[in-house]
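Dear colleague,

Here is the structure I promised to pass on. My notes on the metal sites and on some of the helix packing follow below it.

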Amino acid sequence: MSERILIAVAWPYANGPLHLGHIAGAYLPADIFARYHRIKGNEVLMVSGSDQHGTPITIKAEEEGKTPAEIAAKYHQQFLESWQRLGISFDLFTSTGTPNHATVSQDIFLTLLNKGYIYKSTVSQPYCPHCQRFLPDRYIEGTCPFCGSPRARGDQCDDCGKPLNPVELINPRCRLCGATPQFKDSEHFFFRLSAFQDRLSAWVSEQGQWRPNVSNLTKRYLKEGLRDRAITRDIDWGVAVPVSGFENKRLYVWFEAVIGYLSATKEWAKSIGDEERWRSFWQDDETKSYYFIGKDNIPFHTLIWPAMLMGYGGLNLPYDVPANEFLTIEGKKLSTSRNWAVWLPDYLSRYEPDPLRYLLSINMPDTADTDFSWREFVRRNNDELVATYGNLVNRVLTLVYRNFDGCVPQPGEFDSHSQALINKAEDTLKSMDGLLYRCHFREAIRSAMSLAQETNRYLDEKSPWKIINEDRQASATALHVALSMLSCLRTALYPFLPFSSQRLHQLLGFDGDVKDDGWKLHLPSPGQELLTPSPLFTKLEEKLVEEETQRLGKSD
Ligand SMILES: [Zn+2]
Ligand SMILES: [Zn+2]
């Protein structure tokens, strides 16, 4: 029976390019999951978009002398190109800058307000007397009370990593003009998160499918007690607050960005000309919704967004939040400000997408932090993708092409070794099915690669190239079994390596799209015509390790 799956993926801030931390943390696992469910024949909707609001965007715009809208548009376009080239298969990748998103966000705001889950309160806010404006946290700088760094911001110190409040800064100053900020009263709306403490606790305790890291962190927050949170800000960039007297304020970005999952679904439904279709993804309780996010975003998706949904009523709560741990780069914590990062557009300008997808899949930080290094990238590409998988494909296809007129040979009876390998292929698909269903991506791709290794051993033992003249039938049988394994691998690896899987699908003489063949073992039909063999992957030179590592940490 087919399932309906909503795949909601973190919204990247449109203030800079994507890096490998983003990809390993959320986008690649989401895409693997979407492709897996699509090849299974399930109904999938994968949505996300650029987060265009918030001070990260306005600060970047001020630095570059552009408007926030220009900055957001520039990076949004870059994101779209990156998804296409890396094969991240969104059904819709929109932005928080659309009128639709504003309408949906304001509807949620007003409904929560009418139900008493949002209330007004006066707070003391930093204000610059010289600029005559309130200063969001990131617009205040000063000396860190913990480490003494002179560059700490009102929300955190990048040098020691501690979160801060503006009042804690020593010698605070306005980032724009350097004047000392004062504190002034300002009226804001608050979300009554505390009212959901019991309902959330009960709900969270039922989510046995969550990863231990997600569950434990969420329970820790619940134990500390949930506090109400401000949901409006003194800023002029963002979604308008639909209440008179609040014309100079905007919805706080954390409040409206999570609503993007819902507004994007509505936009998608309109775009396919079936406006009510969003309901099946949000109101049918048979639908399962998965939120792919980095671990720094867990409480927003396991507590705050669920509370907003509970308050609004009638919409599905998250089914799972498979948050990944972090990816380190060459053994060090990734840092965008220090350029200790591998930027996706740079990677894609020099290399193919599948080797990166392979490394980040087989080394995915799904249960613990993992490291990316260029040495490991080259090693995994050369020793595993090229030597174990690519050479296997090339060896088998070339032998068949040369000795059997480029067509799948007619097999004889399978001996026990051949039958055992066919059985292993069936078992591999079955066990990967279970692993992928539970978001255990690293284990799943490892089991596909072990089938490739097993097939190499089988070929070495059968040596069809040696016996081609003395026992043509035995040679044909062994090659048929090997082709069947390639057929299995194109399916098993499709969620991870979509480009090379589609290529192998064509080389094997199958028509159309690899995903339309479903998640099962197709034995190629005798007589099926193969394409002229060509290598699936390219060996990489060792010298790139040094070239690439030298780029790290340099400012450009
Ligand atoms: Zn510090
Ligand atoms: Zn100022």
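The zinc ion (ligand 1) is held by the SG atoms of Cys144, Cys147, Cys157 and Cys160, each lying 2.3 Å from it. Donors here are N, O and S atoms within 2.8 Å of the metal (3.2 Å for Na, K and Ca); water is not among the atoms, so sites may look incomplete. The angles among the 4 donor atoms run from 104 to 115°, and the site of ligand 1 is tetrahedral. Four donors count as tetrahedral if all angles lie between 85 and 135 degrees. Along the sequence the donor residues of ligand 1 are spaced C-x2-C-x9-C-x2-C. Cys147, in the loop between strand 6 (140-143) and strand 7 (152-153), and Cys160, in the loop between strand 7 and strand 8, are 13 residues apart and link distant parts of the chain. Strands (E, at least two residues) and helices (H or I, at least four) are DSSP runs, numbered from the N terminus.

This is a predicted model, in which local features need pLDDT of at least 70 and side-chain atom pairs count only at pLDDT 80 or more, while totals for chains, interfaces and linings use all residues. Residues are numbered from 1 along each chain as its sequence is written, chains are lettered from A and ligands numbered from 1 in the order in which they are written, and side-chain values use heavy atoms, with hydrogens and water left out.

The zinc ion (ligand 2) is coordinated by SG of Cys128, Cys131, Cys174 and Cys177, at 2.2 to 2.4 Å. Its site is tetrahedral too, with angles of 101 to 114° among the 4 donor atoms. The donor spacing for ligand 2 is C-x2-C-x42-C-x2-C. Cys131 sits in the loop between strand 4 (118-128) and strand 5 (133-134) and Cys174 in strand 8 (residues 170-174), so this pair ties together parts that are 43 residues apart in sequence.

Now the helices. Helix 2 (residues 55-64) packs on helix 3 (residues 68-86) at an angle of about 100°, with the axes 8 Å apart. Axes are lines fitted to C-alpha atoms, for helices over the stretch in contact, and angles run from 0 to 180 degrees between N-to-C directions. Helix 2 and helix 3 are therefore roughly perpendicular; angles under 35 degrees count as roughly parallel, over 145 as roughly antiparallel, 65 to 115 as roughly perpendicular and the rest as oblique. Ile57, Thr58, Lys60, Ala61 and Glu64 of helix 2 make the contact (heavy atoms within 4.5 Å) with Pro68, Ile71, Lys74 and Tyr75 of helix 3.

Helix 6 (residues 212-224) and helix 10 (residues 298-312) pack at about 60°, their axes 10 Å apart. That makes helix 6 oblique to helix 10. In this contact Val214, Leu217, Thr218, Tyr221 and Leu222 of helix 6 meet Ile298, Pro299, Thr302 and Leu303 of helix 10.

The axes of helix 13 (residues 374-403) and helix 16 (residues 472-492) come within 10 Å and cross at roughly 140°, which makes helix 13 oblique to helix 16.

Regards

How values were computed
Tetrahedral: all angles 85-135°; square planar, octahedral: opposite > 155°, others 65-115°.
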